[in-house]
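Biologist: I'm new to this one. Can you put it on screen and walk me through it?

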Amino acid sequence: MKPIRIALTKGRLEKDTVALLEKAGYDCTAVRNKGRRLILPVGDGSFEVVLAKAADVITYVEYGVCDIGVVGKDTIMESGGSFYEVLDFGFGKCRFALAGPKDRDFYSGYTVKTIASKYPAVTRAFFESKAMDIRVIKIEGSVELAPLLGLSDAIVDIVETGSTLRENGLQVIETVAEISARMIVNPASLKLRKAEIEAFADKLEAAKEEME
Ligand code: PRP
């Protein structure tokens, strides 16, 4: 049987995911010593880890070239897709927030507001739920710059400690959604390799509880 392939978001979530896999008893030596290798064996060889960018994790799981994915709820909310979300890992905790300049009342006035975000779909859905007409400008990084430069009235972005906002004279106006790392599974994989995938999810959930 070929190994079950897990797409893991590289960067911020990587360390916590590896720690959890190890706590659950899976040998992650190859992942820890990966160098530039992108496909790495995990455990006794019945699993394989692929390191990828968050949006690509979803693509690989959707197309079924990876059975399982570890990805932030932020990316799931932005890109959607057909997969099952089976577990909240509890790490990678942060939130989506609407934020803007400290000295301004965002909701005052009648002009259509401009919102800068790396997450245009999340932003649109949030304002649609308020039946509020807005304009969204997509920004790729350091979104906090947009209101400082006068490009937007506010931003929808990830807030973790809040220090980026604080240090730039911005503040949270409203929380949009809570975020954490999630386990996603390809629907066909879950059917074909149900026992293995469920055992894996159970082990990770137990390890998560032990770590809390
Ligand atoms: C994220 C996010 C905020 C910052 C929030 O950016 O977009 O800018 O972290 O963290 P804080 O509340 O702890 O200050 P990231 O560092 O991922 O880089 P980016 O701005 O280039 O997307």
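**A charged network**

Modeller: Let's begin with R182, which is buried, with a relative accessible area of 11%. Buried means under 20% relative accessible area, exposed over 50%, and partly exposed in between, using a 1.4 Å probe and protein chains only. This is a predicted model, where local features need pLDDT of at least 70, side-chain atom pairs count only at pLDDT 80 or more, and totals for chains, interfaces and linings use all residues. Residues are numbered from 1 along each chain as its sequence is written, and side-chain values use heavy atoms, with hydrogens and water left out.

Biologist: Which residue forms a salt bridge with R182?

Modeller: E85 does, with the closest N and O atoms 2.8 Å apart. A salt bridge here is a side-chain nitrogen of Lys or Arg within 4 Å of a carboxyl oxygen of Asp or Glu.

Biologist: Where do E85 and R182 lie?

Modeller: E85 is in strand β5 and R182 is in strand β11 (residues 181-185), so the pair ties together parts 97 residues apart in sequence. Helices (H or I, at least four residues) and strands (E, at least two) are DSSP runs, numbered from the N terminus.

Biologist: Which residues are joined into one network with those two?

Modeller: K73 and D88. Salt bridges that share partners join K73, E85, D88 and R182. The side chains of E85 and K73 meet at 2.9 Å, N to O. That pair also links distant parts of the chain: E85 in strand β5 (residues 84-88) and K73 in helix α4 (residues 73-79), 12 residues apart.

Biologist: Is E85 buried or partly exposed?

Modeller: E85 is partly exposed, because its relative accessible area is 33%.

Biologist: How many salt bridges does the structure hold?

Modeller: It holds 12. One of them joins the side chains of E22 and R32, at 2.7 Å, N to O. E22 sits in helix α1 and R32 in helix α2 (residues 29-32), 10 residues apart. E22 is partly exposed, at 31% relative accessible area.

Biologist: Let's step back. How many helices and strands are in the chain?

Modeller: There are 9 helices and 11 strands. The C-alpha trace spans about 60 × 30 × 30 Å along its principal axes. Of the 212 residues, 45% are buried.

Biologist: How far apart are G169 and A199 in space?

Modeller: They are 48 Å apart, C-alpha to C-alpha, and 30 residues apart in sequence. G169 is in the loop between α7 (163-166) and β10 (170-179). It counts as partly exposed, because its relative accessibility is 34%.

Biologist: Where is Y63?

Modeller: Y63 is in the loop between α3 (54-62) and β4 (68-72). At 69% relative accessible area, Y63 is exposed.

Biologist: Now T9. Where does T9 lie?

Modeller: T9 lies in strand β1. T9 counts as buried, because its relative accessibility is 7%. A polar atom of the T9 side chain lies 2.6 Å from the backbone oxygen of V70.

Technical notes
A polar contact is a pair of N or O atoms within 3.5 Å; within protein, one must be able to donate a hydrogen and the other to accept it, and residues adjacent in sequence count only if both atoms are side-chain atoms.
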